[in-house]
Amino acid sequence: MDAKTYPVTRTDAEWRAMLSPEQYQVMRGHGTERPGSCALLHEKRPGTFTCAGCGQPLFIAGQKFESGTGWPSFDTPVEGAVETTEDRSHGMVRTECHCSQCGSHLGHVFPDGPPPTGLRYCINGVAMEFEPDAA
Ligand SMILES: [Zn+2]
């Protein structure tokens, strides 16, 4: 599937062991969680969203916005943390995004976000962990 080698690589068996079945389906099988199904959608505390596959910080809470789609949405990722590829599955051309460190699928990027970036990173909540800032 991935021709590229990532700094963090795991075998399929290792991924299955460390991820929940839903996480595995999204992150390694390019699946999509049900909209509104993830608690992170409603996470509003200051903090950092990290990759559930390798722990890399992906998004800062201040970049999260309410898109109304049912998926956590961000206008900017942490620099260098999220890579994109063209996704031609399901008869559409979309921009897929994944963790730059372990290659796990995160979601898609759409060009209808708020200023200044105009981008909407539409991310599966199960692909991330949330670490609140220390009070
Ligand atoms: Zn990762």
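Strands β7 (105-110) and β8 (120-123) each contribute at least two residues to the lining of the largest pocket; helices (H or I, at least four residues) and strands (E, at least two) are DSSP runs numbered from the N terminus. The model is predicted, so local features need pLDDT of at least 70 and side-chain atom pairs count only at pLDDT 80 or more, while totals for chains, interfaces and linings use all residues. Residues are numbered from 1 along each chain as its sequence is written, and side-chain values use heavy atoms, with hydrogens and water left out.

**Largest pocket**
- The volume of the largest pocket is about 150 Å³, a volume being the space filled by probe spheres set on grid points joined across faces, edges and corners.
- A pocket is an open set of points on a 1 Å grid over the protein atoms alone, where a 1.4 Å probe fits, with protein on both sides within 12 Å along at least five of seven lines; lining residues have an atom within 4 Å of a point.
- Thr32, Trp71, Arg94, His105, Gly107, His108, Phe110, Cys122, Ile123 and Asn124 form the lining of the largest pocket.
- Strand β7 provides the largest share of this lining, four residues.
- Four nonpolar, five polar and one charged residues make up the lining, where Ala, Val, Leu, Ile, Met, Phe, Trp, Tyr, Cys and Pro count as nonpolar, Asp, Glu, Lys and Arg as charged, and the others, Gly among them, as polar.

**Zinc site**
- The zinc ion has as its protein donors Cys51 (SG), Cys54 (SG), Cys99 (SG) and Cys102 (SG), at 2.3 to 2.4 Å; donors are N, O and S atoms within 2.8 Å of the metal (3.2 Å for Na, K and Ca).
- The site is tetrahedral, with angles of 100 to 115° among its four donor atoms; four donors count as tetrahedral if all angles lie between 85 and 135 degrees.
- The spacing of the donor residues in sequence is C-x2-C-x44-C-x2-C.
- Because Cys51 belongs to strand β1 (residues 47-51) and Cys99 to strand β6 (residues 94-99), the pair ties together parts that are 48 residues apart in sequence.
- Cys51 and Cys99 are both buried (buried means under 20% relative accessible area, exposed over 50%, partly exposed in between, with a 1.4 Å probe and protein chains only).

**Annotated domain**
- UniProt lists residues 12-133 as "domain: MsrB" in an unreviewed entry; such annotations may be inferred rather than shown by experiment.
- This span is 11% helix and 33% strand, and its end C-alpha atoms lie 33 Å apart.

**Residue pairs**
- Val26, in helix α2 (residues 21-27), counts as buried at 1% relative accessibility.
- Val26 and His105 are 79 residues apart in sequence, yet their C-alpha atoms lie 6.7 Å apart.
- Glu83, in strand β5 (residues 82-87), counts as partly exposed at 25% relative accessibility.
- Glu83 and Pro115 are 32 residues apart in sequence, with 21 Å between their C-alpha atoms.

**Backbone geometry**
- Most residues other than glycine have a negative phi, and most peptide bonds are trans.
- The peptide bond from Pro115 to Pro116 is cis, with omega near 5°, and Pro116 lies in the loop between β7 and β8.
- His30 has a positive phi, near 55°; this residue lies in the loop between α2 and β1 and is partly exposed, with a relative accessible area of 36%.
- His90 also has a positive phi, of about 60°; His90 lies in the loop between β5 and β6 and is exposed, with a relative accessible area of 68%.

Note on methods
Four donors count as tetrahedral if all angles lie between 85 and 135 degrees; four count as square planar and six as octahedral if opposite donors are over 155 degrees apart and all others between 65 and 115; anything else is irregular.
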